[in-house]
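Work through the following exercises with the sequence and the coordinates open beside you. Each task is followed by a solution that goes step by step.

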Amino acid sequence: MSSTPPTAAPQLPFATARMSWRRIRESILHSPASVLGTVLVVWLILMAAPALLNWLLLKASFTAPDARTCREASGACWSFIREKYRLILFGTYPFDQQWRPLLATLLLIGSIVVTGVQRLRGRGLIVWWALALATVAWLMWGGLFGLTFVENVRWGGLPLTLMLSVFGIAFAFPFGVCLALGRRSRMPAIKAICVGYIEFIRGVPLISLLFMSSVMLPLFLPEGFSIDKLLRAQIAIIMFAAAYIAEIVRGGLQSIPKGQYEGADSIGLSYWQQMRKVIVPQALKVVIPPLVSTFIALFKDTSLVVIIGIFDLTQSAKAALADPAWSGFGVEAYLFIGLIYFAFCYCISKYSSTLERSLAREQQASPGR
Amino acid sequence: MSNRGLLVPAVEGHSVTAIGVGLAIAVGAIFLVALLQRVRFRQTGHARPLWPWAIGLGIALPLAGWLLAGQDVRLDLPRASGFSFEGGWSLSPELFALLAGLITYTAAFIAEIVRAGIQAIGQGQWEAAQSLGLRRGKVLRLVIVPQALRVIVPPLTSQYLNLIKHSSLAVAIGYPDLVSVVNTTLNQTGQAIEGILIIMGAFMTVSLLISLLMNWYNKRIALVER
């Protein structure tokens with residue numbers, strides 16, 4: 001935002017045709033390089049779009065009753081999705097109880113949206129989250145107040161992906177900030193522990209962490225004592241994400257000039273008060289883009305839990321493809337879950353740019369820095 | 001480029017090693033010239049451009065190698081034969097797909113990291129640099145990016161490490177990488193812990209080396225304040 005010169009066109013609520021032509025000219029035609037880029041992109045679109053549209057929509061079959069009629073259509077077979085969407089979305093959850101994970105998913109998404117709205121923050125939000133989490137737990141597990149008990153090995157699909165990522169991010173974030181502060185501390189023991197943890201976790205793939213937590217951990221535990229598989233996967237994801245968040249926050253902390261620390265010291269704030277009220281908010285504001293990248297990547301990395309036998313969205317799509325009656329529609333299945341992943345990731349990304357814009361506006365309103 | 005992979009013409013002949021040696025010496029010489037230029041700049045404040053030296057050395061030394069070694073260089077073009085191609089130098093389609101996918105994917109994340117770094121620099125720096133008459137490219141290179149590097153380098157390290165670990169996703173397109181081979185070994189011999197330790201050892205070695213390098217670089221570009 002600080003690098004583009006202010007445009008001359010005033011932002012009127014209604015845009016006349018000439019004004020939008022000017023905006024087009026300024027955005028994609030303002031230099032020879034951008035004209036070339038525009039021409040290339042338009043050419044690419046013209047080459048690819050007709051075939052894509054043909055396959056996706058025009059020649060696709062939406063209403064074929066079985067696999068054979070569907071295969072005869074030369075386009076995509078969307079009746080495969082119509083047949084299998086409940087398996088893909090909810091995994092192996094009992095078929096007649098699938099309204100429960102649906103409600104739980106909607107409640108979780110609703111709570112996240114509510115948390116994103118600035119004006120609703122405060123004590124009430126904490127109460128809301130406590131109630132929402134309790135309701136989600138009741139819906140998914142059951143066993144009380146008339147709902148049948150469904151153990152968590154049968155959970156799967158979208159609710160599972162959502163839960164793994166939401167709790168992963170929620171717990172990894174404060175943990176990561178503490179690790180970043182610990183890495184920058186002057187106490188040698190704390191610094192050594194934090195550095196060792198971050199470098200070790202960053203150095204190994206998430207797959208091997210998950211594998212370690214599911215195969216090696218039971219070997220070291222006493223007989224008969226076992227930790228729930230889903231919990232193990234969740235802890236592995238939290239530990240993994242915390243290391244990455246720590247490094248990103250460390251980058252932000254490095255950019256804070258020493259004057260901020262000195263100013264906070266001069267008004268008598270303790271270390272934790274300094275960090276909480278002065279330093280960390282500024283550091284976090286600076287690193288919103290890479291943080292959001294990490295959250296998006298974490299959302300997609302939850303698909304690696306397949307290695308320990310947990311049925312997330314990607315795995316349930318594979319399971320849907322394993323049906324011999326409806327085989328060969330891999331592209332449709334992966335496009336479907338790709339669309340779901342893209343919807344979530346795009347919303348996260350859009351929210352982050354709204355957040356950046358509102359923070360930049362706050363900064364312009366109160367000049368400082 | 002086809003579904004047999006990416007095929008490029010290959011250079012063959014007796015002079016190829018001489019040209020390679022010439023190129024390597026040229027690269028070393030260019031580094032040396034750059035170092036000397038920097039010393040000269042520190043002492044006198046004048047900077048002569050480096051690119052004439054780079055182009056000159058980069059063309060002259062390999063050319064010398066070619067001339068001295070008998071001028072024997074042929075281009076081996078790939079030709080269609082049967083169901084495939086022969087000749088030339090080929091990158092298998094799986095490897096090429098892996099490269100293209102990894103590069104595109106990581107580039108998007110690195111773009112966001114660099115954007116965060118550049119946006120972290122206050123407007124005052126841009127205005128001051130432009131008031132000196134510098135144009136946008138020079139402002140970025142000389143003023144903004146050196147300061148932005150403090151924000152960029154730690155997450156960038158994470159992305160580089162991610163790139164190395166994502167190479168294990170090659171198994172999804174049928175390219176047997178380290179994780180896939182160890183998995184097969186694990187399945188056949190049943191030595192799960194040793195297999196996982198091998199994977200972790202290999203990744204950790206490479207990752208720690210890269211971390212060390214980037215942390216050293218991070219310390220170098222750190223802001224030294226009073």
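Contact means heavy atoms within 4.5 Å, and helices (H or I, at least four residues) and strands (E, at least two) are DSSP runs, numbered from the N terminus. This is a predicted model, in which local features need pLDDT of at least 70 and side-chain atom pairs count only at pLDDT 80 or more, while totals for chains, interfaces and linings use all residues. Residues are numbered from 1 along each chain as its sequence is written, chains are lettered from A and ligands numbered from 1 in the order in which they are written, and side-chain values use heavy atoms, with hydrogens and water left out.

**Exercise 1.** Determine which residues of α4(B) and α5(B) meet, and describe the packing of the two helices.

Begin with the residues: from helix α4 (residues 123-131) of chain B, B:Gln125, B:Trp126, B:Ala129 and B:Gln130 meet B:Arg136, B:Val139, B:Leu140, B:Val143, B:Ile144 and B:Gln147 in α5(B). Sorted by class (Ala, Val, Leu, Ile, Met, Phe, Trp, Tyr, Cys and Pro count as nonpolar, Asp, Glu, Lys and Arg as charged, and the others, Gly among them, as polar), this contact has six nonpolar, three polar and one charged residues. Next take the geometry, with axes as lines fitted to C-alpha atoms, for helices over the stretch in contact, and angles running from 0 to 180 degrees between N-to-C directions: α4(B) and α5(B) pack at an angle of about 140°, with their axes 10 Å apart. Angles under 35 degrees count as roughly parallel, over 145 as roughly antiparallel, 65 to 115 as roughly perpendicular and the rest as oblique; α4(B) and α5(B) are therefore oblique to each other.

**Exercise 2.** Describe how α9(A) packs against α10(A).

Helix α9 (residues 206-220) and helix α10 (residues 229-254), both of chain A, pack at about 140°, and their axes lie 9 Å apart. That angle makes α9(A) oblique to α10(A). On the α9(A) side the contact includes A:Leu206, A:Leu209 and A:Leu210, and on the α10(A) side A:Arg232, A:Ala233, A:Ala236 and A:Phe240 take part. The residues of this contact divide into eight nonpolar, two polar and one charged.

Note on methods
pLDDT is the predictor's confidence in each residue, from 0 to 100.
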